[in-house]
Amino acid sequence: MPIPFTCPHCGVSSHVDDRYAGQSGPCGSCGRTITVPPLEPFSADRGRQSKRARWTWVTTVLWFLFCAGVVASLLPAPEGAREASRRSQCIHNLKEIGFALHNYHDDYKSFPAAVSTGEDNVPWRSWRVAILPYVEQETLYEQYNSDEPWDSPSNRTLFASRPYCYTCPSDDKLGPKETSYVMIVGKGTVGGEPNEVVTLADITDGASNTIMAIELAGAGICWMEPRDMTVDEAIAYITNPEANGLKHAHPGGINALFADGSVHFIPETTDPQTLRNLLTRDDGQKLELDF
């Protein structure tokens with residue numbers, strides 16, 4: 001069996017045939033005299049120890065690999081993977097909300113008013129309450145008293161019954177009674193003005209070109225509260241949330257629900273005028289979007 005050997009003069013390593021063990025001769029690299037180490041006598045005990053040592057080493061390596069695999073399977077996914085999962089759930093929530101709004105439209109021939117008021121223009125009901133039967137919350141809807149303000153003593157008992165689809169999993173400032181989603185309200189929007197109902201026919205810019213709702217992180221809005229965002233507020237939030245002490249739930253922008261039921265990610269770098277055109281339903285600007 002070849003003997004590994006390093007010349008003490010030039011440092012070149014090589015393997016020398018074991019028949020030269022214990023002999024002297026010139027180094028094949030530098031030519032200076034070297035002596036090959038003699039072979040150690042074989043010992044049965046040494047052989048068994050060597051085998052045990054190799055077996056112990058192999059066992060240790062395999063055990064380490066097994067434990068590492070188990071630990072890796074228990075560790076949380078990298079932050080990027082977790083955020084991708086949360087964003088996917090947020091998109092799913094908005095699509096469920098969009099589906100509910102369209103089913104409401106099928107039954108009532110219009111989308112619900114973002115804000116419905118009662119006597120003295122006191123807000124009584126939000127669109128999130130109006131679509132409860134369409135997000136599989138019929139029982140909760142039946143418990144809501146539509147003849148009283150949204151925060152009346154009897155209605156306040158429902159605050160803790162928030163539907164899951166009203167929460168973005170990346171909204172880390174979300175309170176237990178709050179929502180992550182708001183409609184765009186005001187003149188010329190899908191949410192409209194108080195008590196105004198809007199139909200698909202009213203969206204003359206095209207349903208695929210018009211945003212009806214967006215995600216809003218950390219705003220402190222109760223899910224039953226008739227409070228949403230105007231066009232100007234939405235533009236400011238999308239492009240520079242920190243200016244108002246807010247932040248985006250997802251890095252770089254927000255998810256938005258369009259009037260055709262689709263959901264798209266709107267980057268924070270989007271031009272404000274483009275956003276204004278997207279947030280209004282009848283300004284005559286039909287954009288060519290590349291989402």
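Predicted model: local features only at pLDDT ≥ 70, side-chain atom pairs only at ≥ 80, totals over all residues.
**View 1. An open sheet of 5 strands.** Let's begin with the strand order, which reads β9-β7-β8-β10-β11, with mixed pairing. Which strands stand at the edges? They are β9 (229-230) and β11 (263-267); each has a single partner strand, so one side of each is left without a neighbour in the sheet.

**View 2. Strand β7 and its two partners, β8 and β9.** With β8, it pairs in the antiparallel sense over 3 bridges. If you look for tyrosine 181, you will find that its bridge partner in β8 is glutamate 215. With β9, β7 runs parallel, and 2 bridges join these strands. Here isoleucine 184 has methionine 229 of β9 as its bridge partner.

**View 3. Strand β8 beside β10, and the core around isoleucine 211.** Strand β8 (residues 211-215) runs antiparallel to β10 (residues 253-258), and 3 bridges join them. Alanine 213, for instance, has leucine 257 as its bridge partner in β10. Now turn to the largest nonpolar core, which has 58 residues. Which residues have the most contacts inside this core? They are Ile211, Ile214 and Met224. The elements that give two or more residues to the core are the strands β7, β8, β10 and β11, together with α2 (79-108), α3 (127-130), α6 (231-239) and α7 (272-279). The largest share, 6 residues, comes from α2. In soluble globular proteins, nonpolar side chains tend to be buried together. Leaving aside neighbours within four places in sequence, what is isoleucine 211 in contact with? The list runs through Ile184 and Val190, then Ala256, Leu257 and Phe258, and on to Ile266, Leu278 and Leu279. Of these residues, Leu257 is also the bridge partner of alanine 213, while Ile184 is bridged to methionine 229 in β9.

**View 4. The largest cavity and its lining.** A search of the whole structure finds 1 cavity of 30 Å³ or more. The largest cavity has a volume of about 40 Å³. To find the spot, follow the residues that line this cavity: Asp171, Asp172 and Lys173, then Ala217 and Gly218, and finally Gly245, Leu246 and Lys247. How many residues of the lining are nonpolar, polar and charged? The lining divides into 2 nonpolar, 2 polar and 4 charged residues.

Key: Residues numbered from 1 in each chain as written. Heavy atoms only, no water. Pairing = 2+ DSSP bridges. Helix = DSSP H or I, 4+ residues; strand = E, 2+ residues; numbered from the N terminus. 1 Å grid on protein atoms, 1.4 Å probe; cavity = no way out; pocket = protein on both sides within 12 Å on 5 of 7 lines; lining within 4 Å. Points joined across faces, edges and corners; volume = space filled by probe spheres on them. Nonpolar A, V, L, I, M, F, W, Y, C, P; charged D, E, K, R; others polar. Core = buried A, V, L, I, M, F, W, Y, C linked by side-chain atoms within 4.5 Å. Buried < 20%, exposed > 50% of the residue type's maximum accessible area, 1.4 Å probe, protein only. Contact = heavy atoms within 4.5 Å.
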